[in-house]
Amino acid sequence: MSQEPKIPVDLTGVPETLLWTLFFRAQEAARPDALLQDPVAVDLVERIDYPFEARFNQGSGWAQWQALRALTFDQAIRGFLAEHPEGTVISLGEGLETQFWRVDNERLRWVGVDLPEVSGLRNQALPVSDRRTQVSASIIEDVWMRGIDDSKGLLITAQGLLMYLQRNQVHDLFRRCAQRWPGAQILWDGVPRWAIFATAKQGGATEDASMRPPAMSWWMDGREAKALPGVGQVRRLHPPKGRGMLFSRVLPVLERAPLVRANLLSVWSARF
Ligand SMILES: C[S@@+](CC[C@H](N)C(=O)[O-])C[C@H]1O[C@@H](n2cnc3c(N)ncnc32)[C@H](O)[C@@H]1O
């Protein structure tokens, strides 16, 4: 067992949610029958000083769902890399995602963007690579857009991020990316409308130590996906099949059922 002191983490609000996604990915990856291979995430959870179990005391279904969501992005990134093996991937609101190590083909370039407190944590906690750059900035501003090498193909991902922005901020982000990188691809996920109401009750503590999810603002459905400025070839991506009746049989059907699918979290791809 490592004798190194654990990494202290003191995040609140939206940045704290990166620990939720990390924890559930690691939970899934630690299983013998894991759908997601993510040893870097498993190692990170062991090294971070944070009451994961007490804060995120939800059922194990979340772990599988989180892994399937991550795999949906991974598959699309691998597809991009098959065509652009030396391309650049920009991961917006990257948190402690360990996707770089999951999809790395040893040729790609990777740029992670997150707020200063999170970028500092990534720099402290994760291995360095000369093909990976960390940018400490808010995606609301333009700073992160400077100096990106898009000469060998560019893919932008926004995983678990846009629902925390206002609609005008999301549209502004798409507009700025479309202006700067015509032809680039973008992947993102969006929550359905009910998630906005479910997370609206803010303030106050929960009765136990568990985390109250921060309020989400931007929701989307197929119509909103097409209303996003500067994009074409908009398509919904579907998670791979998982284990058990829910994730192997029911979810794949629901994902394609017209009335139901608008009420599920969805992953999308488009081109500027
Ligand atoms: C739910 S976490 C998702 C982390 C990671 N993408 C994942 O899927 O595990 C949301 C992330 O968005 C980041 N974030 C929120 N607002 C941001 C902003 N304006 N600019 C950059 N990052 C932001 C948070 O710091 C946090 O890391």
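Colleague: How do the residues of the shell around the ligand divide into nonpolar, polar and charged?
Modeller: The shell splits into ten nonpolar, seven polar and three charged residues. Keep in mind that this is a predicted model.

Colleague: How many residues surround the ligand, and which are the closest?
Modeller: There are 20 residues around the ligand. The closest are Thr17, Thr21, Gly93, Gly95 and Gly160.

Colleague: Where does the largest share of the shell come from?
Modeller: From helix 1, which gives five residues. Strand 4 also supplies at least two residues of that shell.

Colleague: Let's stay on helix 1. Is helix 1 enclosed or open?
Modeller: Helix 1 is largely enclosed by the rest of the structure, because 14 of its 17 residues are buried.

Colleague: And its length? What should the 17 residues span, and how far apart are the end C-alpha atoms?
Modeller: Helix 1 covers residues 13-29.

Colleague: Now strand 3. Is it covered or open?
Modeller: Strand 3, residues 88-92, is mostly covered, with five of its five residues buried.

Colleague: Which residues point which way from strand 3?
Modeller: Thr88, Ile90 and Leu92 point one way. Val89 and Ser91 point the other way. All of these are buried.

Colleague: Is its pairing with strand 4 parallel or antiparallel?
Modeller: Strand 3 and strand 4 (residues 109-114) pair in the parallel sense, over five bridges. Within strand 4, Trp110 is the bridge partner of Val89.

Colleague: And with strand 6, parallel or antiparallel?
Modeller: Strand 3 pairs with strand 6 (residues 154-158) in the parallel sense, over five bridges. Here Leu92 has Ala158 of strand 6 as its bridge partner.

Colleague: Back to strand 8. Does strand 8 lie in the open or under cover, and why?
Modeller: Strand 8 lies largely in the open, because the number buried among its six residues is zero.

Colleague: How does strand 8 pair with strand 9, parallel or antiparallel?
Modeller: Strand 8 and strand 9 (residues 266-271) pair in the antiparallel sense, over four bridges. Arg236 stands opposite Trp268 of strand 9. Leu237 has Val267 of strand 9 as its bridge partner.

Colleague: Is Phe100 buried or exposed, and why?
Modeller: Phe100 is buried, because it has 20 other C-beta atoms within 10 Å and the cut-off for buried is 20 or more.

Colleague: What does Phe100 touch?
Modeller: Phe100 touches Trp110 and Arg132, leaving out residues up to four places away in sequence.

Colleague: What separates the C-alpha atoms of Phe100 and Trp110?
Modeller: Those C-alpha atoms are separated by 7.2 Å, and Phe100 and Trp110 are ten residues apart along the chain.

Definitions and conventions
Residues numbered from 1 in each chain as written. Predicted model: local features only at pLDDT ≥ 70, side-chain atom pairs only at ≥ 80, totals over all residues. Expected span 1.5 Å × (residues − 1). Buried ≥ 20, exposed ≤ 12 C-beta atoms within 10 Å, placed from the backbone. Pairing = 2+ DSSP bridges. Near = placed C-beta within 6 Å. Nonpolar A, V, L, I, M, F, W, Y, C, P; charged D, E, K, R; others polar. Contact = placed C-beta atoms within 7 Å.
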